[in-house]
Amino acid sequence: MTEMAPGGPAQVVVQKYGGTSVGTPEKICAVAERIVAGRAETPRLVVAVSAMGKTTDELVAMAHRVSAHPAGREMDLLLASGEQIAVSMLGLALQDRGVPAISFTAAQCGIRTSGPFNRARIRSIDTRRIESELDKGKVVIVTGFQGITDDDEITTLGRGGSDITGAALAAALRASVCEICTDVDGVYSADPGVVPSARLLPQISFEEAIELAASGAKVLHPRAAEICLKYQIPIHVRSSFHTRPGTWIRGGTTTMEEAAVVGVSTDRNIAKVTLLDVPDRPGVAATLFQSLAAAEITVRLIIQGASSHDRARITFVMDEEFLDSAKPIFERWTSEGFAREVLVDRDMAKISIIGSRMAATPGMAARMFTALANEGINIDCISSTEMKIGCVIAARHLDRALRAVHREFVDTVEDPHAAASGGARA
Ligand code: ADP
Ligand code: ASP
Ligand code: MG
């Protein structure tokens, strides 16, 4: 819904459509029809679009056929092309339906990025061109997932990054809402594709959304929720295929004193790294993790265990996608004597329960561990924060673990929003 600013034009609405929602020309036509139908309510509409269907995956696979480790500048130029196809297709579909529309690449409409190729961050958006087109009554369509640096290099934001574009546009244009339009009805208590009994969450706080997303709930990129939290822009995660409400994420939705589990997230794309026989003296851990930081590699969970004879064992969990860039660093660690051996285990996954005051509530961890134990699933590493308890387990057990933990914390609790829960997929 668009609110009229007193005496001024309507506030901007930003809608982001994901890859599945624009997966075929027919689906692009359906999105165009949806925009036409909502035109009266959204006179100033900016649409961020992902690449069609599995285009980005296909481009990655294609790159692997010509290069052992495709990365960097050329990779970004390649990957950014997927979104360019999608925006121009939607532009054509809208114009064909009599709606004035203009599509832009991020570079054409002032989305400035900084940071490394393949993992850039949006630094600023010069909204003048977008606003001038909105003033002419046009729907403005922008490529998600990318931007341009001050050196005129095209960079991408990391996989799933179109959500970030949507959020950044909403913040820069002071939009009334950032709608994340996707192939499910909203944010669920678990991935509805794996857990059929997952519940649609009508409303969650920004903090809960960030934790759910950061621990693997793919439906929303955590950086998008962080931007909207910072600029206090409400997010509405909803279906691309109908107009029923989905999940609202906004401030003031806090459940600070509750210990209820809002959701269970899983992350398959992690790797466990173990360093054997690390010299146990001050500064070693600092040196190790500085070298990862210098390569912009983030680490999720670190465990250091004392071992014998002034030697320690360090285990950490990182995103699998960074393994290629981390490999030379691991080799250096062994050759320079920081570890006798670096073991990498890719077949690990993480399952997390999320809710406010999690760590401070007795019994939550015990219940989670029992649910896993009852399935005969071994826990490899454990982490906990104020809002989250996470367990690293063997990837092959992940779906079974998810259903068991969801059963323990969600299925057995009466649904406070029973009437709002619909089918998982449209
Ligand atoms: P898009 O292409 O629209 O960006 P994604 O595939 O990135 O869509 O994200 C939507 C998918 O996220 C859903 O199809 C669903 O399988 C998955 N998902 C994982 N966890 C959740 C969750 N907690 N709630 C909703 N969807 C989830
Ligand atoms: N097309 C990009 C990807 O597949 C960005 C996105 O879909 O959000 O990762
Ligand atoms: Mg996505």
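In this predicted model, an oxygen atom of ligand 2 is placed 3.0 Å from a polar backbone atom of S162. Taken alone, ligand 2 exposes 260 Å², and of that area the protein buries 86%. Two further backbone contacts involve an oxygen atom of ligand 2, one with an N or O atom of G160 at 2.8 Å and one with an N or O atom of G161 at 3.4 Å. The residues around ligand 2 are S50, A51, T56, E83, F145, R159, G160, G161 and S162, and when this shell is divided by class, two residues are nonpolar, five are polar and two are charged.

With Y188, by contrast, the contact is made through the backbone, where an N or O atom lies 2.9 Å from a nitrogen atom of ligand 1. Of the 560 Å² that ligand 1 exposes when taken alone, the protein buries 88%.

Apart from the ligands, the backbone angles of two residues deserve attention. Most residues other than glycine have a negative phi. In D152, however, phi is near 65°, a positive value in a residue other than glycine. D152 is found in the loop between β7, which spans 146-148, and β8, which spans 154-156. Because its relative accessible area is 54%, and exposed means over 50%, D152 counts as exposed. A positive phi, near 60°, is likewise found in E296, also a residue other than glycine, and E296 belongs to the loop between α8 (284-294) and β14 (299-306). The relative accessible area of E296 is 46%, so that E296 is classed as partly exposed.

Although A10 and T42 are 32 residues apart along the chain, their C-alpha atoms are separated by 8.1 Å.

Definitions and conventions: Residues numbered from 1 in each chain as written. Chains lettered and ligands numbered in written order. Predicted model: local features only at pLDDT ≥ 70, side-chain atom pairs only at ≥ 80, totals over all residues. Heavy atoms only, no water. Polar contact = N/O pair within 3.5 Å; in protein donor to acceptor, adjacent residues only side chain to side chain. Areas by Shrake-Rupley, 256 points an atom, 1.4 Å probe, with all protein chains shown as cover. Near = heavy atom within 4 Å. Nonpolar A, V, L, I, M, F, W, Y, C, P; charged D, E, K, R; others polar. Helix = DSSP H or I, 4+ residues; strand = E, 2+ residues; numbered from the N terminus. Buried < 20%, exposed > 50% of the residue type's maximum accessible area, 1.4 Å probe, protein only.
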